[in-house]
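I opened this notebook to keep track of what I looked up, entry by entry. The sequence and the structure come first, and my notes follow.

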Amino acid sequence: MAVILIGTICLQVLTPLVASHFIDQATSGGNLRDLIFLALLSMGLALVGQGLAVAETYVAENVSWAATNALRADLVAHLLRLDATFHTAHTPGELIERVDGDVATLARFFSRFVVYVLGNGILLVGVLGLLYHVDWRVGLGMSAFVLLALIAMLRIHAVATPSWAADRQASADFFGFLGEYIAGLQDIRSSGAGAFVLRRCAEVMRSWLAVTRKAQMWGYGMSATSQGLFALGTAVAFALSAMLFKEGTLTIGTVYLIFQCTEMLRQPTEQIRNEVQDLQQADASMIRIESLLGTVSRVIDGPGAALPPGPLAVELDGVSFSYAEDAPTLRDISVSLAPGRVLGVVGRTGSGKTTLTRLLLRFYDPQAGVVRLGGVDLREVRLAAVRSRIGLVTQEVHLFHASIRDNLTLFDESVPDERISSVLDTLGLADWLRELPHGLDTLLLPDGAGLSAGQAQVLACARILLHDPDLVILDEASSRLDPATDQLVQAALGQLLKGRTGIIVAHRLATIAYADDILVLEDGQVREYGSRLALAADPTSRFAELLRVATVEVPL
Ligand SMILES: Nc1ncnc2c1ncn2[C@@H]1O[C@H](COP(=O)(O)OP(=O)(O)OP(=O)(O)O)[C@@H](O)[C@H]1O
């Protein structure tokens, strides 16, 4: 990069020298061969200059990506390690801005700052040196001028900066607004809120316009100032040259050289000003990235105790947990589930059922009590080891805009197609797979659009079956399915629970039928806990009451 840069600078200084020589030769009646040589030389220099510009772009991109790729990867890995509390407090948009926006600013800084400031600095010195060489008075005058121009531009820049920051914030607000409303498109349409959204859109854009106009005016003001200053510089250079030409000190070619040099001073001066601006932005980005990398996960990885093989026993021993202080979500929960048994968790909405499953995966740590799997305190086991033994089907199945194969294997290429097909067959999806235009290579639409809720759930079950966990946690979606799909889902759940310990947060009686034991949660506390059959048989139990309220009859 440095070699290319020095080459570019040499060329930039050489080109006007050749032109000045050409003018002097032409006006003093030099021979044609020399003139042709100078013209060809000038063209050759221009060509080499273009080649160097291409090489510079290529190398600069390499430098910037090499410097920042590792940082992007570190940030993504760090974000994946951070706990659920962090992720609920930060929107995806904000994190994308950190991983992409801030790092891109740094990439620009890495690829250009040193090279541009150094390069333009050398170019400035080179051009001024040339002017000193022509005549020390011209050199001195132009040096003073460049210094003043730089100071003036940086001053204006400092005043204009808040307007630009406000413009960027307004643009972020607009895209935040747009993202939110596009995500809620279905609700907006169905509730006829389109007109309201358009009005809000107009309001957001109107306030953005005011801010942008101000920022653009400052931008225009800066470029006008710089043009004005350099016009002044050219006038000063012309006045000095005219004086020296009259004195007979300078030839007409040298006057042209001075004029060219004055023009050439503008670009490096402006670029140095731009780079100083980039430096300020890069500084802010670096501070934000540093603080993100410094965020410590509340869930600390365990030292590496081993979990026993086979279906895992689950034990919650006096567990209490709260998301926020003074608002306990789970209170003194004690549950013990033998390996291979299935626990059904029921209770009103908001009673803490989902929260309980999150503790088993160590998305959060309880404030009191111990969670054990296979008799081992979860905090003693590596997080990856815990999660590799558990299969989780959540209420919202997330499907990726990728092939069915990738969606099922989660991009693990080592899983053979036969295994995937056999799992789909087990789950009763063989016919569905056969009908797909490209089989396992069929691309799913973003967010699983085009699949019914039931199909998405069965695919989630297939994903878990491939993973072959020893504990299955199922947070059932409460939406109703049509009878045929429901049957498919129920059969899939049956397959999933076979030979494994299971915890199911069940909204439907058909699902509860899989449970050996039942835990009834109320306000984050254990209201009832015992064998499903015993609780169902006791007419005074809360569980029996829940069953009576439910409409669907199943063999319990
Ligand atoms: N990430 C979170 N941050 C803060 N509070 C939360 C969070 N998730 C859940 N809560 C709160 O914790 C309480 C229990 O929620 P949880 O989702 O565990 O209930 P649930 O019994 O699974 O409900 P549902 O049947 O509706 O799924 C609720 O009051 C809820 O608002």
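Before reading any sheet, I noted that two strands pair if DSSP finds at least two bridges between them. Helices (H or I, at least four residues) and strands (E, at least two) are DSSP runs, numbered from the N terminus. I also noted that this is a predicted model, in which local features need pLDDT of at least 70 and side-chain atom pairs count only at pLDDT 80 or more, while totals for chains, interfaces and linings use all residues. Residues are numbered from 1 along each chain as its sequence is written.

**Entry: overview.** I found 18 helices and 10 strands in the protein chain. Of its 556 residues, 27% are buried, a residue being buried if 20 or more other C-beta atoms lie within 10 Å of its own, exposed if 12 or fewer, and partly exposed in between, with C-beta atoms placed from the backbone.

Entry: I looked up the strand order and read 2-1-4-5 for an open sheet of 4 strands with antiparallel pairing. Its edges are strand 2 (328–337) and strand 5 (376–377), each of which pairs on one side only. Strand 1 (residues 314–322) is joined to strand 2 by 6 bridges, the two running antiparallel, and F321 has L330 in strand 2 as its bridge partner.

**Entry: strand 7.** I then turned to strand 7 (residues 471–475), where 5 of 5 residues are buried. From this strand L471, I473 and D475 point one way, whereas V472 and L474 point the other way. Strand 7 pairs in the parallel sense with strand 6 (residues 390–393) over 4 bridges, and in the parallel sense with strand 8 (residues 501–505) over 5 bridges. On the one side I390 stands opposite L471, and on the other D475 has V505 in strand 8 as its bridge partner.

**Entry: the cores.** Which residues touch the most other members of the largest nonpolar core? I read V345, V458, C461 and A462, in a core of 62 residues; such a core is a set of buried Ala, Val, Leu, Ile, Met, Phe, Trp, Tyr and Cys residues joined through C-beta atoms within 7 Å. Helix 14 (residues 453–467) supplies the largest share of this core, with 8 residues. Another core, of 23 residues, lies apart from it and has V138, A237, L250 and V255 among its members.

**Entry: helix 7.** The 54 residues of helix 7 (residues 194–247) should span 80 Å at 1.5 Å a residue, and the end C-alpha atoms are 77 Å apart, which agrees; the expected span is 1.5 Å times one less than the number of residues. In helix 7 I found A215, F230, G233, A237, L240 and S241 buried. Just after this helix, G248 takes a positive phi of about 90°.

Entry: Most residues other than glycine have a negative phi. I noted R362, which is not a glycine, with a positive phi of about 60°, in the loop between helix 9 and strand 4 (368–373). R362 is buried, because 23 other C-beta atoms lie within 10 Å. D523 has a positive phi near 50° and lies in the loop between strand 9 (517–522) and strand 10 (525–531). D523 is partly exposed, with 14 other C-beta atoms within 10 Å.
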